[in-house]
Amino acid sequence: MKTEIKENGNQLIATFSGRLDTAAAVTTAEEVKPLMVAEKKEIVLDCSELEYISSSGLRIFLSIRKEAASHGSKVIVRNINADIRQVFMMTGFISLFEIQ
């Protein structure tokens with residue numbers, strides 16, 4: 001699992017690559033901390049290279065959303081594949097996030 005964060009103007013773009021499973025969640029949670037404290041930013045979670053997300057990964061996304069909102073930031077999830085879209089639909093996450 002690899003997480004890369006880039007800043008582009010008012011956006012913070014986090015690109016996730018690989019499998020965000022329970023084993024990768026601890027490291028990923030540390031890597032995304034800058035997203036949780038960003039003030040008044042548009043935070044993009046780019047999932048174009050994300051192959052799988054577990055409940056631990058979903059918890060990370062939810063934490064990002066909650067903390068970002070408390071800092072006036074907005075979270076957008078981009079480029080999810082069909083399998084991850086299905087997980088988002090089954091868990092109700094599809095209505096919690098703006099999906100592009």
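Two strands are taken to pair if DSSP finds at least two bridges between them. Helices (H or I, at least four residues) and strands (E, at least two) are DSSP runs, numbered from the N terminus. The model is predicted: local features need pLDDT of at least 70, side-chain atom pairs count only at pLDDT 80 or more, and totals for chains, interfaces and linings use all residues. Residues are numbered from 1 along each chain as its sequence is written, and side-chain values use heavy atoms, with hydrogens and water left out.

Five strands form an open sheet in the order 1-2-3-4-5, with mixed pairing. Its edges are strand 1 (2-8) and strand 5 (98-99), each of which pairs on one side only. Strand 3 (residues 42-53) pairs with strand 4 (residues 74-78) in the parallel sense, over five bridges. Within this pairing, V44 has I76 in strand 4 as its bridge partner.

Helix 1 (residues 22-31) packs on the sheet, where it touches strand 1 and strand 2 (11-20). Here contact means heavy atoms within 4.5 Å. The direction of helix 1 makes about 170 degrees with that of strand 2; axes are lines fitted to C-alpha atoms, for helices over the stretch in contact, and angles run from 0 to 180 degrees between N-to-C directions. Helix 4 (residues 82-91) lies across strand 3, strand 4 and strand 5, and runs at about 110 degrees to strand 3.

Next comes the interior. A nonpolar core is a set of buried Ala, Val, Leu, Ile, Met, Phe, Trp, Tyr and Cys residues joined through side-chain atoms within 4.5 Å, where buried means under 20% relative accessible area, exposed over 50%, and partly exposed in between (1.4 Å probe, protein chains only). The largest such core has 27 residues, and L45, F61 and I64 have the most contacts inside it. Elements giving two or more residues to this core include strand 2, helix 2 (33-36) and helix 3 (55-70). Beyond its neighbours within four places in sequence, F61 is in contact with F16, L20, L45, C47, L50, I53, V77, F88 and F97.

Helix 3 also holds R59, which counts as exposed because its relative accessibility is 51%. The side chain of R59 makes a polar contact with that of S56 (3.3 Å); such a contact is a pair of N or O atoms within 3.5 Å, and within protein one must be able to donate a hydrogen and the other to accept it, while residues adjacent in sequence count only if both atoms are side-chain atoms. S70, found in helix 3, is likewise exposed, at 54% relative accessibility. A polar atom of the S70 side chain lies 2.7 Å from the backbone oxygen of E67.
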